[in-house]
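Open the model in your viewer and keep the selection tool at hand. This tour moves from one stop to the next.

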Amino acid sequence: MKNFTFLNPTKLIFGKGTIAQIANEIPVDVRLMVTFGGGSVKQNGVYDQVKNALKNHNFIEFWGIEPNPRVETLRRAVEMGKTHDTNYLLAVGGGSVADGTKLIAASIRNAADPWEIVRNGNLVDELIPLATVMTLPATGSEMNAGAVISNDATTEKFAFYSQHPQFSILDPETTFSLPHEQIAYGICDTFVHVMEQYMTVSGESPLMDRWAEGVLLTLIETAPKVMSDKHDYDAMADYMLSATMGLNGFIAMGVTEDWATHQIGHELTALHGISHGQTLAIVLPALLSIMRGQKMAKLLQYGERVWGITQGGPYERSEEAIRRTEEFFRSLGLATRLSELGIGESTITEIQNRFTSRGSRHGEGRNIDGAKTAEILRACL
Ligand code: NZQ
Ligand code: ZN
């Protein structure tokens, strides 16, 4: 096990009817801005619950943080926050609203442009505290310090790291209104978060391995239930907690991480607007196949413990583990090939050139450069 420091200060408030608890968590004397996406919260009753909980607070509202939040939109929120001297933020929605709000919180008391903050996070010296009401289980943004921001002008998408939410409210009932495809994207995103922290070097921590495998097995068991009945409260609660546990640092203590699938996926979103979870379903199986050599020991462990694969030589077993992974994504109704989305060689060349000119070296071995990325993407065709 490698040395590590672990700190996760987010207070998690979980369960039915918990949105009302906002009232006690946010001081009444703050200058509060509440941020939202495109309006799903008005249809599913979440907005009314938040408004009701905040009946003794003064607050302003910012609407329109879109999926893959754009810096162009967030700049407007930052201006509004500066004008009102906002000193507390509450994000209500999916990961995009939470992520966008993390950038707003880092920008209000800052002279730098928000995109400069994304690209050079150490420009930040004063963060405004934030909290979330998370309505879409997927990103873990409710309990981590990360955020991923898109730039329309440059067709780029980059992660930056700032602060954990002070508290996050997760009421599984808020997810009952999710469209089928968002549930599929969310399950895939969660699955791949775990894989990015697990499918690397073997033997670093049996404890982390078991926790990661526990989340993967829970997702595999829960996915058919939530895909066939999104009103199954207990199944949705398990999936929601899996998403949080998948990316809040709990399965990453002292172990080597990968994140190359995400880096490649972000480029597919930046260039083609493909939903985050969908990009991962395409990239992960091909990446496992191309990087099989360095991942072999972990692939065999994953195959045996997660999919029960015990027959055959190492190559056959690893092949079967990759095949089962792709089959799982397809069972969610997701595409697993670039060609299904009409994407081909020109996009592969563009991503290769981007990674090469940035000098990118992704993955646990820092050996996924532009050329290796092109090889992986060709295996996604
Ligand atoms: O905008 P509204 O109207 O709210 O609708 C949203 C949006 O259209 C809708 N939605 C959310 N909750 C709903 C709902 N519709 C009905 N009922 C509900 N309860 O779902 C759509 C997608 O929302 P979005 O927030 O974009 O999805 P998600 O939570 O998957 O977030 C994706 C973003 O998070 C980033 C991704 O790159 C992407 O930009 N990620 C953030 C991470 C982090 N902060 O740690 C890690 C992840 O790897 C990921 O990269
Ligand atoms: Zn993700």
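Start with the shell around ligand 1: domain 1 (11–174) and domain 2 (179–378) each give at least three residues to it. The domain bounds come from an automatic or database domain assignment. This is a predicted model: local features need pLDDT of at least 70, side-chain atom pairs count only at pLDDT 80 or more, and totals for chains, interfaces and linings use all residues. Residues are numbered from 1 along each chain as its sequence is written, chains are lettered from A and ligands numbered from 1 in the order in which they are written, and side-chain values use heavy atoms, with hydrogens and water left out.

Next, select what surrounds ligand 1. There are 33 residues, each with a heavy atom within 4 Å of the ligand. Gly 38, Gly 95, Ser 96, Lys 157 and His 193 are the closest.

Now look for polar contacts (pairs of N or O atoms within 3.5 Å). A polar backbone atom of Gly 38 lies 2.7 Å from an oxygen atom of ligand 1. For a polar backbone atom of Gly 39, the distance to a ligand oxygen is 3.0 Å. An N or O atom in the side chain of His 276 is 3.1 Å from an oxygen of the ligand.

Finally, show the strands (DSSP E runs of at least two residues, numbered from the N terminus). Six of them form an open sheet with parallel pairing, in the order S1-S8-S5-S4-S2-S3; two strands pair if DSSP finds at least two bridges between them. Strand S1 (11–14) and strand S3 (59–62) stand at the edges with a single partner strand each, so one side of each has no neighbour in the sheet.

Definitions and conventions. A polar contact is a pair of N or O atoms within 3.5 Å; within protein, one must be able to donate a hydrogen and the other to accept it, and residues adjacent in sequence count only if both atoms are side-chain atoms. Helices (H or I, at least four residues) and strands (E, at least two) are DSSP runs, numbered from the N terminus.
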